[in-house]
Amino acid sequence: MTEQDFAPFMREAIALAEQGRWKACPNPTVGAVLLRDGQIVARGWHHEAGQDHAEVDCLKDAAAHGVNPKGCTLVVTLEPCNHQGKTPPCTQAILDAGVSRVVMGLADPNPLAAGGAARLREAGVEVLGPVCETECRDLVADFLVWQSTDRPYLILKMAATLDGRIATRNGHSQWITCEASRREVQDLRAGLGLCGGAVLVGGGTFRADNPLLTARGGCADAPQPLACLLTSRLPKPDADFHLLKERPEQTVFLASPAVAASTAAQALRQIGARVLALGPGPHGGPDFREMFRALRQDLGCPYVLCEGGGRLALALLEAGFVDEFRLHLAPLVLGDNEARPLFAGRAPQSLSEALRLRISRTSLCGDDIHILLRPLAADDAGQGE
């Protein structure tokens, strides 16, 4: 079999890996399948941080089904680790099992765990790859951010009509997307809550929508994400906002140093809310770099989900902090130039000045189309038709 022949099996391993999303944090999500004679005979993934890695989970699945892995091929989304952490090195488990070939999707970016491919080759195991490298890199995009920066992984989520509008001209937006899309957002928030993440909105969205920013429905009993509000104006502690009445201890206001030192800030702190000082950035707007550093280092947030509004979303895109953009498109057309657009405020003179993204995945969800976009790689920037 050629490396390309293993692509369908690698995609099966990728799908398995997604089942460990959130619970595997701060480890990467990894999946694996075991092949004999071109057929999958065992499956595994990294279920939760501190538990078996995907390779070991897959080998245990083989044992549970009476499959001898000797001479089999192991297809795994990430290079097997070669170090002793909370679990033993996967390379040794692979060697002990007698696996004859390993097909990997991506070299391990963690220098502490890397070297697995070389160790296996030295022991006589055939190692192929990378296979489906871009897809496997996207799978661990969060882990790559954690490894290379001191900030959280940032997910931008927006919902729009087919003509790119997020609300009518008078601000009405409930509901643009269908029930299935809204349920997926609740699942996303629940995942964030499991690993200590946060939901971020701007002050305008906070005042206009009075959101609770929790996972509701069947996710209501799960740990909830922090609610972060980037605003130039603080509310009074007795104002009629759900966040202040129902979960002030999980609410974080991000404001200028002057606002954070005000009596209004002190009053909010007395009811349990946090108010963090945020200085100006290099171009006059908020200092996003310091804001995200504080969320990761001081509050322990590995993920931040930004749910708008449009001005904040555009500012984050322009500043290069969006790692993943989830756009939910509803089959609706407003046809109103005064309706609120996804993004507004830029004045490019040519298409070369446009912000460019890469489509990573598309899918149908109920009546809606979901598009997952990511930043262009550095060597792809500037390419276009």
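Me: Start with Leu 213: why is Leu 213 called buried?

Reply: Keep in mind that this is a predicted model. Leu 213 has a relative accessible area of 2%, and buried means under 20%, so Leu 213 counts as buried. You'll find Leu 213 in the loop between helix 8 and strand 9.

Me: What makes the phi of Leu 213 worth a remark?

Reply: The phi of Leu 213 is near 60°, a positive value in a residue other than glycine. Most residues other than glycine have a negative phi. Asn 210, also not a glycine, has a positive phi too, near 45°. Asn 210 sits in the loop that runs between helix 8 (203-209) and strand 9 (226-230).

Me: Which residue does the "active site" annotation cover, and where does that label come from?

Reply: The label comes from UniProt, in an unreviewed entry, and covers Glu 55. In the model, Glu 55 belongs to helix 2 (residues 54-64).

Me: How do you know which peptide bonds are cis?

Reply: Look at omega. For the bond joining Gly 129 and Pro 130, omega is about 5°, and that bond is cis. The bond from Gln 174 to Trp 175 is cis as well, with omega near -5°. Most peptide bonds are trans. Pro 130 lies in the loop between strand 5 (126-128) and helix 5 (133-139), while Trp 175 is in the loop between strand 7 (165-167) and helix 7 (179-194).

Me: What makes up the lining of the second largest pocket?

Reply: There are 23 lining residues, with Glu 18, Arg 21, Arg 326, Arg 361 and Leu 372 nearest the pocket's centre. The space in this pocket is about 580 Å³. Helix 1 gives the largest share of the lining, four residues. By type, the lining divides into 12 charged, 10 nonpolar and one polar.

Me: Which domains does that lining draw on?

Reply: Domain 1 (3-133) and domain 2 (149-375) each supply at least three residues to the lining of the second largest pocket.

Technical notes
Residues are numbered from 1 along each chain as its sequence is written. This is a predicted model: local features need pLDDT of at least 70, side-chain atom pairs count only at pLDDT 80 or more; totals for chains, interfaces and linings use all residues. Side-chain values use heavy atoms; hydrogens and water are left out. Helices (H or I, at least four residues) and strands (E, at least two) are DSSP runs, numbered from the N terminus. Buried means under 20% relative accessible area, exposed over 50%, partly exposed in between (1.4 Å probe, protein chains only). UniProt positions are given in the numbering used here, feature names are shortened, and annotations may be inferred rather than shown by experiment. On a 1 Å grid over the protein atoms alone, a cavity is a set of points where a 1.4 Å probe fits but cannot get out, and a pocket is an open set with protein on both sides within 12 Å along at least five of seven lines; lining residues have an atom within 4 Å of a point. Grid points are joined across faces, edges and corners, and a volume is the space filled by probe spheres set on the points. Ala, Val, Leu, Ile, Met, Phe, Trp, Tyr, Cys and Pro count as nonpolar, Asp, Glu, Lys and Arg as charged, and the others, Gly among them, as polar. Domain bounds come from an automatic or database domain assignment.
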